[in-house]
Amino acid sequence: MTSIIGPASFKFFGIFPAAILSFILPIIGIGLFTYIMARRIAPLIRANPDNRFDQIGKRVKNLVVVWLGQIRQPRYMLAGVLHIFIFAGFLILSIRSTSLVIIGVSDGFVLPGFGGLLGAIYNFIKDYAATFVLIACIIAAVRRGIYKPKRYAVPEKYGKDHTGEAVFVLGIISTLMISESLFEASQIAFDLQHAGQEHFLAPLSLVWIFKGMLASAPQNILQGLHIFSYFVHDITFFFFLCFLPLGKHFHVITSVFNVFFMRVKKGNIKPVMHGITEDKLDDLESFGVKKLEDFTWKHMLDFYSCADCGRCSDQCPANAVGRPLSPRFITIKARDLMFKNYPLSGEIYKSKLLVEDIYTEDEIWSCTTCGACEEECPLGIEYIDKMVDLRRGMVDEGLVPQSLQKPLKALEKRGNPYGKMEKKRAEWATDKEFSALCQVKDLDGEKADTLYFVDSITSYDDNIQEIARRTSLILKKAGVDFGILGKLEKDSGNEVLRFGEEMLYQDLKAQNTEAILESGVKQIVTADPHAYNALKNDYNNLPPVKHISQVVAEKIATGELDLKPCQNPDKVYVYHDPCYLGRHNGIYEEPRKVLDAIDGLTRVELEKSRDRSFCCGGGGLMLFYEPEEETRMGVLRVNMAAEAGATVIVTACPFCLVNIQDAIKVAGKEGEMEALDFTELIEQHLA
Amino acid sequence: MEILVCVKRVPDTAENEFELNSAGNDLDRDDLVYSVNEWDNYAVEEAIQIVDKVGGNVTVITVGDDESEEVLRREMAMGANNGILLSDDAFEGSDGRGIAGILAAEVKKGSYDLILTGAQADEGAGQIGGMLAAMLEIPYASLVNKIQVGDGSIIVGREIEGGNQEMNEIGLPCVLSIQTGINEPRYVGIRGIRKVASVDIPVKAASDLGIDVNTVGEAGAKTKRVDYFVPDTGEGAEMLEGSTDEIIEKLIEKLKAKGGL
């Protein structure tokens, strides 16, 4: 024997050509994989349409940053870095694996272009890649199998633990890495013994170590190991390929598509049905998601793509307070149902009403639509649109809790969830002390450049009306010519839309849009992030909308507003990011800049801030909903602020103020902690 | 089972601030919003649930003007199959007995196994169900909070003073007045109402029902409202005034002073 015999020329027992096996294995593997994929795609074909071929530029960017760049992974440092190693290793080794399959029928096959220097460089890199992947797999397996981080736990009501599958797959990947390296090392050791050829190998790589170990092994052992490791790799490779679509490792295949098709616009809600314009909504037979097939194909792809990493639920405030909602299991339960209703062989089952089959009504109402889950998901899986679609389905079926029916009916009759009279919407402006300082124009008759959109809670809630007055005083001081719509203003409907009452939202939107356009204003300002979000992201064809914090930041920059030194320099302030200002609209810096413009104000940061801000309990209709929960989100938030050393929580949202004020009382922190709206703090410091 | 549910359009207590009119004999109704009487809504939901189980039809009926059609549509959006509007200028000013008589005239033209009313409506008299049953000479159970449908008869539950529960077997046809809490009425959105917007609702006048106009309306009313007012604050009662916070503070002070806290 002058050189080792490759799998393409090797004969088992001296007669049976191994090439036959390495020819048949890929055929069986690819054939089976194609069949499984065809069955997996079946539900997506029956799904509702989804428009995901727009904004290709942004989608390509997501592909580069979120998929290839794995930008969201290091948000969980250890797991993220391990994943980056394994992911990069997979990409690098995919080339090697492909050529290995062909080596089985053609000895010494080299992919075109990989013969010379490029091949040498590639080999060097892939040897390290395999090594790092193996190390990452071992650490990951120890982490999952022994340390068992809490976020992977599966509560009993959601089914069985998934650790077994996770560790099994890590074992498969390790087997691939070891067999690939052994295949190469056995050949190099053989060549070295026989011809004294010294190959350059990446030092300390797996191949390098194996070569060292095999340096003096008998030639027949090396030959046997060479063939054995080849087929171990080949069989494992095709087994893994067919195993992927059967569980949480489907993401290895689907992630690239899922990230490409992920949400590119923030703060908005999908239309009831893609391709159906608002004026055609009445023609639809049914609204929202009632059965599995009512989801869009992208939402089904989301279900397939979940890697079960648990980051969504780890960030979910509803999950944190013990509400019956864990976003991770919204996905996992739907995937299990897809696997069950669309089995790999046999008949496709008819699906039932989802809120009776796999979800509960309370589960779906528990979401505050804060968006923490979506912000976190490394795979771009969406939740808000699914929640809204499921709620649309429930509303259409009449499945709305009594606690929400009252405010919804009041919104229908009076345009606000409290059922207060329309004519009292501007009563906050008639306060004696305030009206002596500031006369607010009513744009039903008068004219102004800017509309101050007050929205329901700020108009009607005794305590929150203060935000309206402070906002007006700030606008006046900043020289903004503004007015309000008064009784013509209706609730912005941000939550009406998000709670699935589409037609009521359409109605409110139409009334507001008409009133706003009629008023002839050139811009809109609001102090309510929920209204800001609705007007900016849900409404169409309105003048530009700004949040009061943006206006103040601008006016300070231009010198039109000036702030006094801090009046309570002993206090420690912390800014809480409202979900609909921060996460949904990216306004993180302006409020902070304004706070920092107050001389002598001590400001600390919450650990969970900016895009990881923790929802204080939700706004709009969520204030009326009576959830099952162990504690309040606001209480957790107040405790976080206390941990950060703050004594004043500044927020820029009326709902945050209500929730946090209540939570301070519930947490028993009255006297040591206070909540303050951004407008109140600023108005106190107007120079 | 053929079920008839009598409903009424009333000023919505949740969405209104009630004030007396200048004449002082009624509410100021200019700025009011109306909806279906809450008890009636539970009755319709119950009827729909019964029909879902055993089959049949739910018909909703009301005595009122053109605007009352809106509450019939809302109940039809919930799932009632038919609506009937009994409307005639001659009906205006009817007392309870008059309304029951008008309803009875229409009931006799149909063939209903079960007739439901709300336990009471905005005026709190709670008299229609009983009168209707008497006029039709069929059994009646009031304040019903449970219904079990059997063969030829039904079992109805009534909550008794002190929280006790009574169960009665009652023969069909019968009239039941329904208490709130018997079920959780489903939500009706704008979309649901629009879906039934073009369904035909027959309107029947006194002549269609064969009613002598002198027996109904103001002319036939044996009870007449002679006054309507907000009672004077009596001895021992005190109205706290101010903003919500101030009222709460005063209340706490008072409770503390009297040893209640």
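Chain A has 28 helices and 11 strands. What we are looking at is a predicted model, and I shall begin with the overall form of this chain. Its C-alpha atoms fill a box of roughly 105 × 60 × 45 Å, taken along the principal axes. Of the 687 residues in chain A, 48% are buried. Please consider also how the chain meets itself: among contacts between residues at least 6 apart in sequence, 78% join residues at least 24 apart.

Let us now turn to a single residue. Pro17(A) belongs to strand E2 of chain A, which covers residues 16-17.

Next, a pair of helices in chain A. Helix H1, residues 18-46, packs with helix H7, residues 219-243, at an angle of about 10 degrees, and their axes are 8 Å apart. Angles under 35 degrees count as roughly parallel, and therefore H1(A) and H7(A) are described in that way. Among the residues making this contact are Leu21(A), Leu25(A) and Phe33(A) of H1(A), together with Phe231(A), Ile235(A) and Phe238(A) of H7(A). By class, the contact has 13 nonpolar, 2 polar and 1 charged residues.

I move on to chain B, where 9 strands form an open sheet with mixed pairing. The order is E9-E8-E7-E10-E6-E1-E4-E5-E11. Which strands stand at the edges? They are E9 (164-171) and E11 (203-204) of chain B; each has a single partner strand, so one side of each is left without a neighbour in the sheet. Within the sheet, strand E7 (residues 140-149) and strand E8 (residues 153-160) of chain B pair in the antiparallel sense over 5 bridges. Gln148(B), for example, has Ile155(B) in E8(B) as its bridge partner. Helix H4 of chain B, residues 128-136, packs on the sheet and touches strands E1, E6, E7 and E10 of chain B. The direction of H4 makes about 85 degrees with that of E7(B).

Finally, the two chains together. Their contact takes 22 residues from chain A and 18 residues from chain B. On the side of chain B that touches chain A, helix H5 (residues 190-195) gives the most, with 3 residues. That side divides into 6 nonpolar, 4 polar and 8 charged residues.

Conventions:
Residues numbered from 1 in each chain as written. Chains lettered and ligands numbered in written order. Predicted model: local features only at pLDDT ≥ 70, side-chain atom pairs only at ≥ 80, totals over all residues. Helix = DSSP H or I, 4+ residues; strand = E, 2+ residues; numbered from the N terminus. Contact = placed C-beta atoms within 7 Å. Nonpolar A, V, L, I, M, F, W, Y, C, P; charged D, E, K, R; others polar. Axes fitted to C-alpha atoms, helices over the stretch in contact; angles between N-to-C directions. Parallel < 35°, antiparallel > 145°, perpendicular 65-115°, else oblique. Pairing = 2+ DSSP bridges. Buried ≥ 20, exposed ≤ 12 C-beta atoms within 10 Å, placed from the backbone.
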